[in-house]
Amino acid sequence: MEQCWTRLGTHVEEMKYSDLVTTDIQDPEDYEKAFNLLSQEFTEHEHTDLNFYDYVVLVKYKNEGVGVVTGMRHLPSKAIMTDIVVDPKYRGHAVGIKLIEGFFQKVKSDGFSYAMGITEPHNRAAINLYKRIGVTQEQLTVTIVDVNQGLAYLEQKGSMLKQREKRREKE
């Protein structure tokens with residue numbers, strides 16, 4: 001009897017972990033596969049050039065791109081995983097494990113001792129995966145600012161500080 005996995009209403013034939021292939025972007029077809037996975041999961045990446053990243057690891061199953069992880073050099077001993085995406089119909093089939101393993105191998109070969117990542121608190125599947133592989137979770141505050149708004153505020157604040165200095169010089 002042929003075994004199959006059913007996930008989210010999709011039919012996926014039995015996959016073996018050993019059938020998952022980790023690769024760099026080798027050609028335009030790989031680039032397209034990785035880009036499609038990333039931009040479908042994160043719409044803000046629809047204009048991202050994957051060459052921006054220091055690391056792009058693609059996992060293929062039967063030559064189909066089923067997962068991608070991107071990363072950057074961060075500190076002399078630390079690399080950061082910036083995005084991890086697994087095609088929804090292949091989630092729960094160890095693709096994430098293969099992606100992280102491939103990323104770890106790449107950064108280790110470049111001399112990095114640590115990998116960091118940011119995960120939204122509601123992403124329980126990712127957090128559980130990270131716990132299984134021994135990740136230490138730290139409480140951090142992630143800040144995001146629109147640079148134009150931030151500059152406008154800083155320029156205004158700078159102007160106020162200069163005026164204060166002038167008043168103090170007169171006293």
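These legends describe views of one predicted protein model. Local features need pLDDT of at least 70 and side-chain atom pairs count only at pLDDT 80 or more, while totals for chains, interfaces and linings use all residues. Residues are numbered from 1 along each chain as its sequence is written, and side-chain values use heavy atoms, leaving out hydrogens and water.

**View 1. Overall fold of the protein chain.** The chain holds four helices and seven strands. These are DSSP runs, numbered from the N terminus: helices are H or I of at least four residues, strands E of at least two. From the N terminus, the order is β-β-β-α-β-β-β-α-β-α-α. The radius of gyration (over C-alpha atoms) is 22 Å, well over the 16 Å that the globule rule gives for 171 residues, so the chain is more spread out than a compact globule. That rule is 2.2 Å times the number of residues to the power 0.38. Along the principal axes, the C-alpha atoms fill a box of roughly 90 × 30 × 30 Å.

**View 2. Lys-62 in the β4-β5 loop.** Lys-62 lies between β4 (55-61) and β5 (64-75). Its phi is positive, about 50°, although Lys-62 is not a glycine. Most residues other than glycine have a negative phi. Lys-62 is exposed, with a relative accessible area of 57%. Exposed means over 50%, buried under 20%, and partly exposed in between (1.4 Å probe, protein chains only).

**View 3. Asn-63 in the β4-β5 loop.** Asn-63 also lies in the loop between β4 and β5. Phi of Asn-63 is positive too, near 65°. At 47% relative accessibility, Asn-63 is partly exposed.
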